Amino acid sequence: MGSFKKHEAGSSTKDLKKPQQPLPREDTPLIGKPAPLSSQTKTFANVFIAIVGAGVLGLPYAFKRTGWLMGSLMIISVSALTFHCMMLLVHTRRKLESSEHGFTKINSFGDLGFVVCGSIGRGIVDVLIILSQAGFCISYLMFIANTLVYFFRASTILGMSAKGFYIWSCLPFQLGLNSIATLTHLAPLSIFADVVDLAATAVVMVDEVVISLKQMPEVAAFGNLSVFFYGIGVAVYAFEGIGMVLPLEAEMEKKEKFGGILGLSVTFIALMYVGFGVLGYFAFGSETKDIITANLGAGFVSVLVQLGLCINLFFTFPLMMHPVYEIVERRFKGGEYCLWLRWLLVFLVSLIAMSVPNFADFLSLVGSSVCCGLGFVLPALFHLLVFKEEMGWKGWFLDVGIVVVGVVFGVSGTWYALMEILSVKK
């Protein structure tokens with residue numbers, strides 16, 4: 001999951017036309033520096049970092065619910081639609097920065113929303129970024145707490161639930177980490193976390209192959225149609241990273257090749273997701289847990305992988321919350337650093353993590369309620385508004401269709417995920 005960084009908000013669209021001295025921005029990719037521009041290899045790595053995160057650990061459980069074939073088709077379909085919408089953002093920005101329009105400083109998703117729809121456009125993007133980034137952090141705390149509960153096998157500690165105890169135990173340390181004002185000191189931790197995620201994914205997949213060959217449990221190709229929107233929500237969550245597309249394209253040396261590199265990256269990630277989800281479900285069948293690492297037993301390698309993921313997600317938490325701080329501080333504190341506001345947000349995120357019972361259900365909720373809007377609805381809508389005079393009926397049909405599909409998936413998936421979460425709590 002990539003992080004977003006600072007949006008230089010202007011008071012009007014005229015500000016975006018003025019040549020300005022470039023400032024250190026917090027939406028700079030984690031690999032590489034502003035100069036020289038990123039190579040194709042670094043761009044591929046940045047796309048991987050922006051998209052892949054802890055959500056992959058919930059895919060086997062999602063495949064158990066949807067069936068392995070339906071789940072695979074969902075991943076492939078969502079990856080194709082995600083790539084298309086990412087390129088819509090790139091084409092829209094290029095159009096606005098052309099000589100015809102003259103905008104020269106559209107560096108982020110929020111900037112694009114501001115140019116296309118004014119303050120309302122930036123406001124909607126800001127709200128969705130806050131919800132998505134906070135949702136990622138909630139899932140991190142849930143993963144850490146659930147993993148520790150699984151390790152120590154205690155249902156209650158000091159009179160409270162073990163899950164609650166572990167989440168609140170993280171709070172003092174997170175308050176300290178989230179007090180760090182600059183993202184520069186945290187970026188290396190995010191890179192390390194993604195490397196560990198990739199290594200852990202490889203280790204888990206090897207284990208899954210070995211276990212599936214031994215056990216060969218009964219599996220289903222298709223689940224009930226009622227879980228369709230649930231599966232879509234998880235798939236959308238797994239591919240969320242659209243906010244980093246514009247900064248990545250801006251910093252690539254050979255921009256004409258960005259589409260090819262982005263397509264290659266998304267294809268590689270989609271195949272990895274399908275392989276991980278299918279192997280996990282094939283290994284454990286109906287016993288697949290909502291976090292697949294809970295199925296791996298108590299062996300040394302398994303413990304090492306799970307603890308490594310916990311440590312890295314713990315340190316990635318403040319990195320993922322940074323865009324939330326930037327937006328909230330910009331809107332309520334004039335862009336000035338505010339310690340108590342950061343601490344309040346960390347407390348609220350921890351409180352929500354306490355109340356959500358199931359990791360994979362929460363992934364579906366965030367994917368449906370927030371990521372559908374960011375990933376599908378807004379890119380197609382912005383593209384439609386900018387290119388409406390030039391597109392034929394096919395272009396209109398495609399953009400409007402994506403908006404409608406995004407809204408339907410978002411509303412239906414949110415409803416289904418909420419029903420699942422509430423039914424578990426009961």
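Trainee: Let's start with α2 and α3. At what angle do they pack?
Mentor: This is a predicted model, so keep that in mind. In it, α2 and α3 pack at about 120°, and their axes are 6 Å apart.

Trainee: What does that angle make them to each other?
Mentor: Oblique. Angles from 65 to 115 degrees count as roughly perpendicular and those over 145 as roughly antiparallel, therefore α2 and α3 are oblique to each other.

Trainee: Is the crossing left-handed or right-handed?
Mentor: The crossing of α2 and α3 is right-handed.

Trainee: Which residues make the contact?
Mentor: From α2, Leu59, Phe63 and Thr66. From α3, Trp68, Met70, Gly71, Ser72, Met74 and Ile75.

Trainee: How do those divide into nonpolar, polar and charged?
Mentor: The contact of α2 with α3 has six nonpolar residues, three polar and no charged.

Trainee: Next, α2 and α7. How do their axes cross?
Mentor: Helix α2, residues 59-66, and α7 have axes that come within 9 Å and cross at roughly 155°. That angle is over 145 degrees, so α2 is roughly antiparallel to α7.

Trainee: And the handedness, left or right?
Mentor: α2 passes α7 in a left-handed crossing.

Trainee: Which residues touch there?
Mentor: On the α2 side, Leu59, Tyr61, Ala62, Arg65 and Thr66. On the α7 side, Tyr230, Gly231, Val234 and Ala238. The residues of the contact of α2 with α7 divide into six nonpolar, two polar and one charged.

Trainee: Now α3 with α4. Where are they, and how do they cross?
Mentor: Helix α3 covers residues 68-96 and helix α4 covers residues 109-152. Their axes come within 11 Å and cross at roughly 55°. α3 and α4 are therefore oblique to each other. Their crossing is left-handed.

Trainee: What meets what in that contact?
Mentor: Leu89, Thr92, Arg93 and Leu96 of α3 meet Phe109, Leu112, Val115 and Val116 of α4. By type, the contact of α3 with α4 has six nonpolar residues, one polar and one charged.

Trainee: Switching topic. How many aromatic pairs are there?
Mentor: A search of the whole structure finds eight aromatic pairs. One of them is Trp68 with Phe282. Their ring centres are 5.7 Å apart and the planes sit at 85°, so the pair is edge-to-face.

Trainee: Where do those two sit in the chain?
Mentor: Trp68 is in helix α3 and Phe282 is in helix α9, residues 258-284. They are 214 residues apart, and the pair links distant parts of the chain.

Trainee: Are they buried or partly exposed?
Mentor: Trp68 counts as partly exposed, at 28% relative accessibility. Phe282 is partly exposed as well, with a relative accessible area of 29%.

Trainee: Are Phe239 and Tyr273 buried or exposed?
Mentor: Both Phe239 and Tyr273 are buried.

Trainee: Back to Trp68. Which residues form an aromatic cluster with Trp68?
Mentor: Tyr281 and Phe282. Together with Trp68 they form one aromatic cluster.

Trainee: New residue: Lys163. Where is Lys163 found, and is Lys163 buried or exposed?
Mentor: Lys163 is in helix α5. Lys163 has a relative accessible area of 13%, and buried means under 20%, so Lys163 is buried.

Trainee: What is Lys163 in contact with?
Mentor: Leaving aside neighbours within four places in sequence, Lys163 is in contact with Ala145, Asn146, Val149, Ala353, Met354, Val356 and Pro357.

Trainee: And Ile180, where is the place of that one?
Mentor: Ile180 is in the loop between α5 (162-177) and α6 (187-215). Ile180 is partly exposed, with a relative accessible area of 29%. The C-alpha atoms of Ile180 and Tyr337 are separated by 9.9 Å, and these residues are 157 apart along the chain.

Trainee: Last bit, the whole chain. How many helices and strands?
Mentor: The protein chain has 13 helices and two strands. Of its 426 residues, 57% are buried. Among contacts between residues at least 6 apart in sequence, 82% join residues at least 24 apart.

Notes. Residues are numbered from 1 along each chain as its sequence is written. This is a predicted model: local features need pLDDT of at least 70, side-chain atom pairs count only at pLDDT 80 or more; totals for chains, interfaces and linings use all residues. Side-chain values use heavy atoms; hydrogens and water are left out. Axes are lines fitted to C-alpha atoms, for helices over the stretch in contact, and angles run from 0 to 180 degrees between N-to-C directions. Helices (H or I, at least four residues) and strands (E, at least two) are DSSP runs, numbered from the N terminus. Angles under 35 degrees count as roughly parallel, over 145 as roughly antiparallel, 65 to 115 as roughly perpendicular and the rest as oblique. A crossing is left-handed if the near helix is turned anticlockwise from the far one by less than a right angle, and right-handed if clockwise. Contact means heavy atoms within 4.5 Å. Ala, Val, Leu, Ile, Met, Phe, Trp, Tyr, Cys and Pro count as nonpolar, Asp, Glu, Lys and Arg as charged, and the others, Gly among them, as polar. Buried means under 20% relative accessible area, exposed over 50%, partly exposed in between (1.4 Å probe, protein chains only). Rings of Phe, Tyr and Trp (its six-membered ring) pair if their centres lie within 6.5 Å; planes under 30 degrees apart count as stacked, over 60 as edge-to-face and the rest as tilted.
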